[in-house]
Amino acid sequence: MEVTLTHFLIVSTLLFSLGIYGIVTRKNAIMVLMGIELILNASNINFIAFSRFGNFGLQGQLFALFVIVLAAAEAAIALAIVLNVYKTFVNVNVDEIDELRD
Amino acid sequence: MNVYDLIFYLFAALTLLSAFFVVTTRNIVRAAFFLLFTFFGVAGIYVLLGADFVAIVQLIVYVGGILILLIFGVMITNKITSVDIKAGTIQTLPAAIGVGLFTGIIGAVILNTDWFIANSEMPESTLSTLGKMLLNEYVLVFELLGILLLVALIGAASMARK
């Protein structure tokens, strides 16, 4: 079977689902971040696959680049937040952090 | 089955297997290293789709930047010398059922849709076209992303120093 758009979309769907699973089940905040990265990668595969097989020129690849930039910014901010949470609560388990004030 | 298909299946298997281990392994450092293989596999898929520049950016930014940040986060927020590097999971069964249903629905939609496929040949190099697009039609987005990165990095640095 020749590899076409469908194959790439299926790979992207599976990657997205694994990311969702990671976000939902993990306790550690950094593991939740890894799940978000998987989801962003899945969306990028979709963008680039449609850019390759559709008729839009290279706009899909450009948006994939924008997504990568946003992922970098998001990772930096999220890590700073996680560090602050660790200083306050001494762990980063998202199910135990349920207080907004001291 | 030609070489292109074979390489695609290889990269797809690498990506999905290591992504599966990322979300299931209990050791955080191991999960970070499996994430490395996932990013490599995704970069290979980009190359197969003719996106050479995006693949390089994926390697530089994700593997060289984001993954290093994540590993730093793991090492700072866990006592690396003690055994407290494990991460627990909660609600795995309902999550597996829900995600499985979701995957099934989306997969059925993808398989049953008659996708329009343009007969465009693979571009030689995307670099010059991407550069021209970035500095012509998308120059506003480009500049805004630059400002966003600057603001995000300054914010992250000041938040982490407090």
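This is a predicted model: local features need pLDDT of at least 70, side-chain atom pairs count only at pLDDT 80 or more; totals for chains, interfaces and linings use all residues.
Local features were taken at pLDDT of at least 70 and side-chain atom pairs only at pLDDT 80 or more, while totals for chains, interfaces and linings use all residues. Residues are numbered from 1 along each chain as its sequence is written, and chains are lettered from A in the order in which they are written.

The predictor assigns the complex an ipTM of 0.90 and a pTM of 0.90. Chain B has an average pLDDT of 88, and 93% of its residues score at least 70; pLDDT is the predictor's confidence in each residue, from 0 to 100. Within chain B, α1(B) has the highest confidence, at 93, and α3(B) the lowest, at a mean of 88.

Chain A contains three helices and zero strands. Helices (H or I, at least four residues) and strands (E, at least two) are DSSP runs, numbered from the N terminus. The radius of gyration of chain A is 17 Å, well over the 13 Å that the globule rule gives for 102 residues, so chain A is more spread out than a compact globule. This radius is taken over C-alpha atoms, and the rule is 2.2 Å times the number of residues to the power 0.38. Along the principal axes, the C-alpha atoms of chain A fill a box of roughly 55 × 25 × 15 Å. Of its 102 residues, 53% count as buried (20 or more other C-beta atoms within 10 Å of the residue's own, with C-beta atoms placed from the backbone).

Chain B is divided into domain 1 (1-84) and domain 2 (124-162). These bounds come from an automatic or database domain assignment. The C-alpha centres of the two domains lie 23 Å apart.

At the interface, 68 residues of chain B are in contact with 61 residues of chain A (C-beta atoms, placed from the backbone, within 7 Å). On the side of chain B that touches chain A, α3(B) gives the most, with 12 residues. That side divides into 49 nonpolar, 17 polar and two charged residues. Ala, Val, Leu, Ile, Met, Phe, Trp, Tyr, Cys and Pro count as nonpolar, Asp, Glu, Lys and Arg as charged, and the others, Gly among them, as polar.

The largest nonpolar core has 65 residues. Such a core is a set of buried Ala, Val, Leu, Ile, Met, Phe, Trp, Tyr and Cys residues joined through C-beta atoms within 7 Å. The largest share, 14 residues, comes from α2(A). Residues with the most contacts inside this core include A:Ile48, B:Ile45 and B:Tyr46. Not counting residues up to four places away in sequence, A:Ile48 touches A:Gly60, A:Gln61 and A:Ala64, along with B:Tyr46, B:Leu49, B:Ala51 and B:Val54.

Methods
A residue is buried if 20 or more other C-beta atoms lie within 10 Å of its own, exposed if 12 or fewer, and partly exposed in between; C-beta atoms are placed from the backbone. Two residues are in contact if their C-beta atoms, placed from the backbone, lie within 7 Å.
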